[in-house]
Amino acid sequence: MNITEKILARASGKSKVSPGDVVFVNVDKVMIHDVSGPGVIAVFEKLKKKGMKIDKLWDPERVWVAEDHFVPAADKISAQNIVSLTNFTKQFGIKRHFKYGMGQYGICHTLSHEEAMVLPGEVYVGGDSHTNTTGALGAFAAGLGHTDVAYVLLNGKIWFKVPETLFFKLNGKLPDHVMAKDLILKIIGDIGNDGAAYKTMQFGGTGISEMSVEGRLTLTNMTTEAGAKSGIVEPDQKLRDYLAAKGAIKYDEVHGDADAQYEKIYEYEGSEIEPTVAKPFSPENISVARDLSSIELDKAYIGSCTGAKLEDLRAAAKILKGRTVKIRTEVLPAAISIFRKAMEEGLLKIFLDAGVVVGPPTCGACCGAHMGVLAKDEICISTTNRNFPGRMGHIESQTYLASPLVAAASAITGKITDPRDLK
Amino acid sequence: MKPFEKIKSIATPLDKVNVDTDQIVPKQFLKLIQRTGFGQYLFYDWRYEREGVQRKDFILNDPAYKNSKILLARDNFGCGSSREHAVWALDDYGFKVIISTSFADIFYNNCFKNGILPIRVSDDILQKLFSTKSEIEVNLEKQTIKIDNIPISFNIEPHWKKILLEGLDDIAMTLQHEEQITKYERSHKI
């Protein structure tokens, strides 16, 4: 069995599972945020109206809550939703609620690794499609709809059909100026928006061993854009060190067997990956950055669970240091812990000196909700994960997806720029 | 939830690929906490030029499709955000069946939780459906789509079929039936 099959077998109390089997698995952790939380509350209300008694959750200790999509409160309704979410966590005794304005908070997927909320070998589900991100910690991590999350909150388990696994093998390190984002965009371009539909995308090979945990998180994050059920990387010493630095040392790792089966193996040579950009209006619509150097931009956005981890901010700062931006540029660290480290390392000063505005952690403009959305016909280069029509604002605005290096280089020139070409 | 019955209706042809859940229900409506009434926001940016003013060239605004219960769409329908509001909106608007060549996974699962039948068909069959102007009959029990009285069969996972036919949307019911579902699935692999 491969790692995903072994995790699902263990969580369902079976000695062996195969792709296509339906298994009821015990869930280790579940997450809701300020969109899926109110959605779950609505499902609970419907069930109560039907006469179901809901006075406790299966295990409040295993539930955690993020405020990320509409914070700072975008308007009266989103402010009210935060109140509802707070009442919900109080009512059911959920202690891990990361509240905006009270110390650590941030984008849910970022908190999952910053706070080591999920550990290797666990089954983790969340009310958000990018829950896949957390699979880089060697866990089975998948997004669910509101009804399914409500079910898990009450029963602590959920059924899955064991997915087939596609294995992406990266041979050798990525070159300078190339990041995990470029690799995952290239992969999505190759297999398409639904190329991994109901499958697991597993990443391995020497290039992945060399890659930082944050880089791996970028890969698993965007498995969602290829339609994947989950993304995963096997635990190694790099992951153990990463988690130990956050105080997490006790967990039960799972590794694939030597004869693990994969539906298909894709090989990539690290040295051949180039700075890559996804053009509007789909993540699969890729091009090398150099071929897009005539595209004039209105804005650069460095934010989100995909592109505002500490390593992403360091990459942007490397480019922005001593330079001035030509278009409006925003940096929104994905969690307060990252914001703080960026401050301590002097990155925030580099951003401000370059003319960039630094904002609080939020999903905000990534999903076009608030905090800097695009006007009609505006063109943005963004370190985020989706560029469907209207994703970041007006239905006739355009988003190009890129790495933090490409986004920062483009912010300097005002056009899409390969960081290798920046003078 | 009511058991799923035969549906006979004209089908609305939405000729687009990669329709993501943000097109189905734009983000500004996610803040609404009630579970009902999302139909008015379905495909909002495509349906309306501005509040109250419909776009004439959008298929849902064509009076011919006013009471349609079947939606046709191209590849990868329901991709993007996991928001269940997308399914709530389709249901509230009146769609009970969605036919496409492929669906995004979370969206596909969400459909069954809300009594909507998503059907995967081949390119050829979808093309045939897009070309017809007559009513289509969907029979889940028999797993057929009938155009001009000619039945075309479709596949569906057995546990999903059972859940829809018996109207088992409810969480408690699902729990009660979990053992049967597992057994049923095991013996009816497709």
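1. Helices here are DSSP runs of H or I with at least four residues, numbered from the N terminus.

2. This is a predicted model, in which local features need pLDDT of at least 70 and side-chain atom pairs count only at pLDDT 80 or more, while totals for chains, interfaces and linings use all residues. Residues are numbered from 1 along each chain as its sequence is written, and chains are lettered from A and ligands numbered from 1 in the order in which they are written.

3. Helix H6 (residues 180-191) of chain A packs against H8(A) at an angle of about 25°, and their axes, which are lines fitted to C-alpha atoms over the stretch in contact, are 8 Å apart. H6(A) is therefore roughly parallel to H8(A), a term for angles under 35 degrees.

4. A:Ala180, A:Lys181, A:Leu183 and A:Ile184 in H6(A) meet A:Gly215, A:Arg216, A:Thr218 and A:Leu219 in H8(A), contact requiring C-beta atoms, placed from the backbone, within 7 Å.

5. The domain assignment, automatic or from a database, gives chain A domain 1 (3-13 + 20-250 + 259-268) and domain 2 (275-421). In contact are 36 residues of domain 1 of chain A and 36 residues of domain 2 of chain A. On the domain 1 side, H6(A) provides the largest share, six residues.

Methods:
Axes fitted to C-alpha atoms, helices over the stretch in contact; angles between N-to-C directions. Helix = DSSP H or I, 4+ residues; strand = E, 2+ residues; numbered from the N terminus. Parallel < 35°, antiparallel > 145°, perpendicular 65-115°, else oblique. Contact = placed C-beta atoms within 7 Å.
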